[in-house]
Amino acid sequence: MARSTKEEALETRSRILDAAAEVFHQHGVARTTLADVASAADVTRGAIYWHFKNKSDLFDAMCERVRLPMEAMIERTADENAHDPLNQFRNRCLFTLQEATLNPESRKIFEIVLHKCELVDPEDPIYIRQHECFLQGRTDIERLLRFAIAKGQLPRELDPILAAVMVQGLLFGILHNWTFSPQSFDLAENVSKVVDNCIHMFKTSPFILKNNV
């Protein structure tokens, strides 16, 4: 009986998360109430509060089911002793864009985060999570680029801080634009071209070097 109860609780939690993703996607995070989620999941508000402290906690759990764009891009386990850090960087960038094009669940969460989530209150846990993820993502990109520079895979004069800013802007911009209007361009067909052109720019452009005039 205990096992059955535990399985039922997990099933209910999963159903709530599925419903939250649907309602957030349809109406936006700010306009969605826990009552809306409860109705969509066909559970009571009490069931919501049994599993989640509040809407921010529910949103956080929903995001944990997939890897957010910045979390998907670079793993914190990037090793400075890795044999091929540049290829590791390339694979993480490819994975980020491919998650949006190939994984429907990830795409839905990306759309919520990029288009259906108002970030207006710096004290809001949702805002805090997004901000921390953004900053950590940039730090991790910079770190992996530094490893590639140390391995001689990128020019030693490359400015890793500026390069990390550009990577973040490029991939976030592409994801933002494509999830807003998927019919406007074929991202799946061009994922490798986007990433490889970014790497080519780092190897050849004189405008992202340190002390460039």
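## Burial and basis of the model

A residue is called buried when its relative accessible area is under 20%, exposed when it is over 50%, and partly exposed in between, with a 1.4 Å probe and protein chains only. By that criterion, buried residues account for 41% of the 213 residues in the chain.

The model is predicted, so that local features need pLDDT of at least 70 and side-chain atom pairs count only at pLDDT 80 or more, while totals for chains, interfaces and linings use all residues. Residues are numbered from 1 along each chain as its sequence is written, and side-chain values use heavy atoms, with hydrogens and water left out.

## Fold and surface

The chain has ten helices and zero strands, where helices (H or I, at least four residues) and strands (E, at least two) are DSSP runs numbered from the N terminus. Along the principal axes, the C-alpha atoms fill a box of roughly 65 × 40 × 35 Å.

Where contact means heavy atoms within 4.5 Å, 72% of the contacts between residues at least 6 apart in sequence join residues at least 24 apart. The chain exposes about 11900 Å², of which carbon and sulfur atoms supply 52%, the areas coming from the Shrake-Rupley method with a 1.4 Å probe.

## The surroundings of Ser-56

Ser-56 lies in helix α4, which spans residues 55–64, and is buried, with a relative accessible area of 16%. Beyond its neighbours within four places in sequence, Ser-56 is in contact with Asp-124, Pro-125 and Ile-126. Pro-125 is 69 residues from Ser-56 in sequence, yet the two C-alpha atoms are 6.1 Å apart in space.
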